[in-house]
Amino acid sequence: MEARQPGTTKYRVVKDYVLRMVNSGEYVADQRIPSESEFIGMFGVSSITVRRAMNELVSEGIIYRIKGKGSFVSGQRPRFGARGSGSLVAFVLSGLGKCDPSYMQIIKGIQSFISTKGYSLILEYTEDSTEQENAIINRFIENNIEGLLIYPSNPQASIEVFRRIRDRGIPFVVLDRHVSSFPVNFVSDNNHDGAFAAVEHLTSLGHTRVAFVGFTSYLSSEQERYQG
(Lines give C-alpha, C1' and ligand atoms only; values in the text may rest on other atoms or scores of the structure.)
Protein backbone atom coordinates (compact mmCIF):
# COMPACT_ATOMS: atom_id res chain seq x y z
CA MET A 1 0.00 0.00 0.00
CA GLU A 2 1.30 3.46 -0.91
CA ALA A 3 1.72 5.96 1.95
CA ARG A 4 -0.50 9.01 1.96
CA GLN A 5 0.81 12.34 3.20
CA PRO A 6 -1.17 13.85 6.08
CA GLY A 7 -3.92 16.19 4.89
CA THR A 8 -3.81 14.99 1.28
CA THR A 9 -7.21 14.25 -0.26
CA LYS A 10 -7.41 10.55 -1.10
CA TYR A 11 -8.31 10.98 -4.76
CA ARG A 12 -5.41 13.43 -5.15
CA VAL A 13 -3.01 10.72 -3.99
CA VAL A 14 -4.16 8.43 -6.80
CA LYS A 15 -4.21 11.20 -9.38
CA ASP A 16 -0.81 12.64 -8.42
CA TYR A 17 0.69 9.16 -8.52
CA VAL A 18 -0.37 8.77 -12.16
CA LEU A 19 0.90 12.27 -13.00
CA ARG A 20 4.29 11.49 -11.45
CA MET A 21 4.56 8.20 -13.30
CA VAL A 22 3.75 9.87 -16.63
CA ASN A 23 6.19 12.74 -16.02
CA SER A 24 9.00 10.40 -14.97
CA GLY A 25 8.53 8.22 -18.03
CA GLU A 26 7.50 5.17 -16.02
CA TYR A 27 4.17 5.29 -17.86
CA VAL A 28 4.55 5.90 -21.59
CA ALA A 29 2.08 6.70 -24.38
CA ASP A 30 -0.59 4.03 -24.91
CA GLN A 31 0.57 2.05 -21.90
CA ARG A 32 -2.19 0.52 -19.80
CA ILE A 33 -2.22 1.85 -16.24
CA PRO A 34 -3.40 -0.15 -13.21
CA SER A 35 -7.06 -1.11 -13.06
CA GLU A 36 -9.55 0.25 -10.57
CA SER A 37 -9.15 -2.80 -8.33
CA GLU A 38 -5.36 -2.53 -8.52
CA PHE A 39 -5.44 1.12 -7.44
CA ILE A 40 -7.75 0.19 -4.57
CA GLY A 41 -5.19 -2.36 -3.42
CA MET A 42 -2.26 0.02 -3.87
CA PHE A 43 -3.72 2.94 -1.95
CA GLY A 44 -6.38 1.39 0.29
CA VAL A 45 -9.10 3.68 -1.07
CA SER A 46 -12.64 3.15 -2.34
CA SER A 47 -13.75 2.63 -5.93
CA ILE A 48 -15.47 6.04 -5.84
CA THR A 49 -12.13 7.67 -4.98
CA VAL A 50 -10.35 5.93 -7.86
CA ARG A 51 -13.11 6.82 -10.34
CA ARG A 52 -12.93 10.49 -9.39
CA ALA A 53 -9.18 10.52 -9.98
CA MET A 54 -9.54 8.70 -13.31
CA ASN A 55 -12.37 10.98 -14.46
CA GLU A 56 -10.23 14.07 -13.86
CA LEU A 57 -7.28 12.52 -15.69
CA VAL A 58 -9.52 11.72 -18.64
CA SER A 59 -11.01 15.21 -18.73
CA GLU A 60 -7.51 16.72 -18.65
CA GLY A 61 -6.38 14.51 -21.54
CA ILE A 62 -3.78 12.60 -19.54
CA ILE A 63 -5.39 9.18 -20.03
CA TYR A 64 -8.07 7.64 -22.23
CA ARG A 65 -10.32 4.65 -21.72
CA ILE A 66 -11.17 1.69 -23.93
CA LYS A 67 -14.31 -0.11 -22.84
CA GLY A 68 -13.55 -3.61 -21.64
CA LYS A 69 -9.78 -3.09 -21.79
CA GLY A 70 -8.94 -0.37 -19.27
CA SER A 71 -7.28 3.05 -19.06
CA PHE A 72 -4.24 4.07 -21.09
CA VAL A 73 -1.74 6.95 -21.16
CA SER A 74 -2.64 9.45 -23.87
CA GLY A 75 0.91 10.56 -24.55
CA GLN A 76 0.17 14.14 -23.45
CA ARG A 77 2.84 15.12 -20.93
CA PRO A 78 1.16 16.83 -17.99
CA ARG A 79 2.53 20.12 -16.80
CA PHE A 80 2.99 19.95 -13.04
CA GLY A 81 2.23 23.62 -12.58
CA ALA A 82 -0.93 23.76 -14.65
CA ARG A 83 -3.83 25.13 -12.64
CA GLY A 84 -6.79 22.80 -12.57
CA SER A 85 -4.55 19.72 -12.96
CA GLY A 86 -2.99 19.98 -9.55
CA SER A 87 -0.32 22.61 -8.81
CA LEU A 88 2.55 20.88 -7.08
CA VAL A 89 5.27 21.91 -4.65
CA ALA A 90 8.12 19.46 -4.05
CA PHE A 91 9.97 18.90 -0.78
CA VAL A 92 13.36 17.20 -1.37
CA LEU A 93 14.65 15.80 1.92
CA SER A 94 18.15 14.36 2.32
CA GLY A 95 18.70 11.06 4.13
CA LEU A 96 20.18 12.78 7.17
CA GLY A 97 16.81 13.69 8.61
CA LYS A 98 14.28 11.25 7.23
CA CYS A 99 14.23 9.06 10.36
CA ASP A 100 13.76 12.01 12.70
CA PRO A 101 10.11 12.16 13.85
CA SER A 102 10.35 15.95 14.07
CA TYR A 103 10.45 16.08 10.29
CA MET A 104 6.96 14.64 10.12
CA GLN A 105 5.76 17.75 11.95
CA ILE A 106 7.53 19.92 9.38
CA ILE A 107 5.95 17.95 6.52
CA LYS A 108 2.51 18.20 8.09
CA GLY A 109 2.95 21.95 8.54
CA ILE A 110 3.99 22.41 4.91
CA GLN A 111 1.09 20.32 3.67
CA SER A 112 -1.40 22.13 5.88
CA PHE A 113 -0.34 25.56 4.61
CA ILE A 114 0.05 24.90 0.89
CA SER A 115 -3.28 23.08 0.72
CA THR A 116 -4.99 26.37 1.68
CA LYS A 117 -3.37 27.91 -1.41
CA GLY A 118 -4.55 25.21 -3.79
CA TYR A 119 -1.28 23.28 -4.00
CA SER A 120 -0.37 19.65 -3.34
CA LEU A 121 2.91 18.38 -1.88
CA ILE A 122 5.28 15.84 -3.39
CA LEU A 123 7.82 14.44 -0.93
CA GLU A 124 11.08 12.98 -2.27
CA TYR A 125 13.65 11.31 -0.01
CA THR A 126 17.29 10.94 -1.10
CA GLU A 127 19.90 8.62 0.36
CA ASP A 128 22.17 11.46 1.48
CA SER A 129 23.60 11.63 -2.04
CA THR A 130 24.12 15.03 -3.65
CA GLU A 131 24.17 13.41 -7.09
CA GLN A 132 20.82 11.72 -6.49
CA GLU A 133 19.39 14.85 -4.91
CA ASN A 134 20.40 17.07 -7.84
CA ALA A 135 19.02 14.54 -10.34
CA ILE A 136 15.64 14.64 -8.56
CA ILE A 137 15.65 18.45 -8.51
CA ASN A 138 16.58 18.62 -12.21
CA ARG A 139 13.66 16.32 -13.00
CA PHE A 140 11.30 18.62 -11.14
CA ILE A 141 12.71 21.62 -13.01
CA GLU A 142 11.99 19.95 -16.35
CA ASN A 143 8.47 19.05 -15.18
CA ASN A 144 7.67 22.71 -14.45
CA ILE A 145 7.19 22.28 -10.72
CA GLU A 146 5.66 25.39 -9.12
CA GLY A 147 8.00 25.54 -6.13
CA LEU A 148 10.75 23.66 -4.30
CA LEU A 149 11.65 23.17 -0.64
CA ILE A 150 15.10 21.62 -0.27
CA TYR A 151 16.78 20.08 2.77
CA PRO A 152 20.14 19.52 1.04
CA SER A 153 22.78 16.98 1.95
CA ASN A 154 25.55 19.41 0.96
CA PRO A 155 24.46 22.84 -0.33
CA GLN A 156 28.01 23.71 -1.41
CA ALA A 157 27.85 20.86 -3.93
CA SER A 158 24.42 22.01 -5.13
CA ILE A 159 25.24 25.59 -6.13
CA GLU A 160 24.91 24.88 -9.85
CA VAL A 161 21.49 23.28 -9.47
CA PHE A 162 20.41 26.18 -7.22
CA ARG A 163 21.51 28.57 -9.96
CA ARG A 164 19.53 26.58 -12.52
CA ILE A 165 16.38 26.74 -10.38
CA ARG A 166 16.79 30.49 -9.99
CA ASP A 167 17.44 31.02 -13.71
CA ARG A 168 14.24 29.13 -14.52
CA GLY A 169 12.31 31.49 -12.23
CA ILE A 170 11.09 28.72 -9.90
CA PRO A 171 10.59 29.84 -6.27
CA PHE A 172 12.66 27.76 -3.85
CA VAL A 173 13.64 27.74 -0.18
CA VAL A 174 16.54 25.87 1.40
CA LEU A 175 16.04 24.48 4.90
CA ASP A 176 18.53 24.32 7.81
CA ARG A 177 21.78 24.91 5.92
CA HIS A 178 23.00 27.35 3.26
CA VAL A 179 26.06 28.58 1.34
CA SER A 180 27.32 32.07 2.14
CA SER A 181 28.92 32.38 -1.32
CA PHE A 182 25.57 31.84 -3.07
CA PRO A 183 22.77 33.57 -1.12
CA VAL A 184 19.35 31.96 -1.38
CA ASN A 185 16.12 32.12 0.60
CA PHE A 186 16.53 29.77 3.54
CA VAL A 187 14.90 28.93 6.86
CA SER A 188 17.01 27.87 9.81
CA ASP A 189 17.21 27.83 13.58
CA ASN A 190 19.45 30.31 15.38
CA ASN A 191 22.16 27.67 15.67
CA HIS A 192 24.80 29.96 17.15
CA ASP A 193 22.70 31.36 19.98
CA GLY A 194 21.06 28.00 20.67
CA ALA A 195 24.44 26.34 21.19
CA PHE A 196 25.65 29.30 23.25
CA ALA A 197 22.60 29.04 25.53
CA ALA A 198 23.10 25.30 25.96
CA VAL A 199 26.75 25.71 26.98
CA GLU A 200 25.89 28.64 29.23
CA HIS A 201 23.36 26.45 31.02
CA LEU A 202 25.90 23.66 31.50
CA THR A 203 28.56 26.01 32.85
CA SER A 204 26.05 27.59 35.21
CA LEU A 205 25.59 24.12 36.70
CA GLY A 206 29.33 23.90 37.35
CA HIS A 207 30.40 21.85 34.32
CA THR A 208 33.84 22.84 33.01
CA ARG A 209 34.51 20.17 30.38
CA VAL A 210 32.00 20.48 27.55
CA ALA A 211 32.37 18.54 24.31
CA PHE A 212 30.91 19.27 20.89
CA VAL A 213 30.05 16.18 18.84
CA GLY A 214 29.36 16.40 15.11
CA PHE A 215 30.06 14.64 11.83
CA THR A 216 29.10 17.13 9.10
CA SER A 217 31.49 20.00 9.75
CA TYR A 218 31.06 21.26 6.17
CA LEU A 219 27.44 22.28 6.90
CA SER A 220 26.73 25.88 7.89
CA SER A 221 24.32 24.77 10.64
CA GLU A 222 26.97 22.64 12.34
CA GLN A 223 29.64 25.33 11.99
CA GLU A 224 27.33 27.88 13.60
CA ARG A 225 26.60 25.52 16.52
CA TYR A 226 30.31 24.92 17.05
CA GLN A 227 30.99 28.68 17.00
CA GLY A 228 28.19 29.17 19.55
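# Questions and answers on a predicted model

Mentor: The protein chain has eight helices and seven strands. This is a predicted model, in which local features need pLDDT of at least 70 and side-chain atom pairs count only at pLDDT 80 or more, while totals for chains, interfaces and linings use all residues. Residues are numbered from 1 along each chain as its sequence is written, and side-chain values use heavy atoms, with hydrogens and water left out.

Trainee: What makes a stretch a helix or a strand here?

Mentor: Both are DSSP runs, numbered from the N terminus: helices (H or I) need at least four residues and strands (E) at least two. Helix H6, for example, covers residues 159-167.

Trainee: Why is lysine 15 called buried?

Mentor: Buried means under 20% relative accessible area, exposed means over 50%, and partly exposed lies in between (1.4 Å probe, protein chains only). Lysine 15 has 0% relative accessibility, so it counts as buried. Aspartate 176, at 12%, counts as buried too. Over the protein chain, buried residues make up 42% of the 228 residues.

Trainee: Which residues of H6 are buried?

Mentor: They are Ile159, Val161, Phe162 and Ile165.

Trainee: What covers the buried residues of H6?

Mentor: The cover includes helix H5 (130-142), strand E5 (147-151) and strand E6 (172-175). Contact means heavy atoms within 4.5 Å. Isoleucine 165 is in contact with Ile137, Ile141, Leu148, Ile150, Ile170 and Phe172, leaving aside its neighbours within four places in sequence.

Trainee: What makes a group of residues a nonpolar core?

Mentor: The members must be buried Ala, Val, Leu, Ile, Met, Phe, Trp, Tyr or Cys residues, joined through side-chain atoms within 4.5 Å. The largest such core has 21 residues, and Ile137, Phe140, Leu148, Phe162, Ile165 and Phe172 touch the most other members. Strand E3 (87-93), H5, E5, H6 and E6 each give two or more residues to this core. Apart from it lies another core, of 20 residues, including Val13, Tyr17, Leu57 and Val73.

Trainee: Which residues make a nonpolar surface patch with leucine 202?

Mentor: Val199, Leu202, Leu205 and Val210 make a patch of about 290 Å². Patch residues have over 30% relative accessible area and no salt bridge; nonpolar side chains (Val, Leu, Ile, Met, Phe, Trp, Tyr) are joined within 5 Å, and like charges within 9 Å. Areas come from the Shrake-Rupley method with a 1.4 Å probe, and for residues only the protein chains shown count as cover.

Trainee: What makes glutamate 56 and lysine 15 a salt bridge?

Mentor: A salt bridge is a side-chain nitrogen of Lys or Arg within 4 Å of a carboxyl oxygen of Asp or Glu. For glutamate 56 and lysine 15 the N to O value is 2.6 Å, so the pair qualifies. Glutamate 56 lies in helix H3 (residues 47-59) and lysine 15 in helix H1 (residues 10-24), so the pair ties together parts that are 41 residues apart in sequence. Lys15 and Glu56 are also linked with Arg52 in a network of salt bridges.

Trainee: How do you know that glutamate 38 and arginine 32 meet in a salt bridge?

Mentor: Their N to O value is 3.9 Å, and the limit is 4 Å, so the pair counts. Glutamate 38 is partly exposed, with a relative accessible area of 39%, and arginine 32 is partly exposed with 39%.

Trainee: Which residue forms a salt bridge with arginine 168?

Mentor: Glutamate 142 does, with the closest N and O atoms 3.3 Å apart. Arginine 168 lies in the loop between H6 and E6 and glutamate 142 in helix H5, so the pair ties together parts that are 26 residues apart in sequence.
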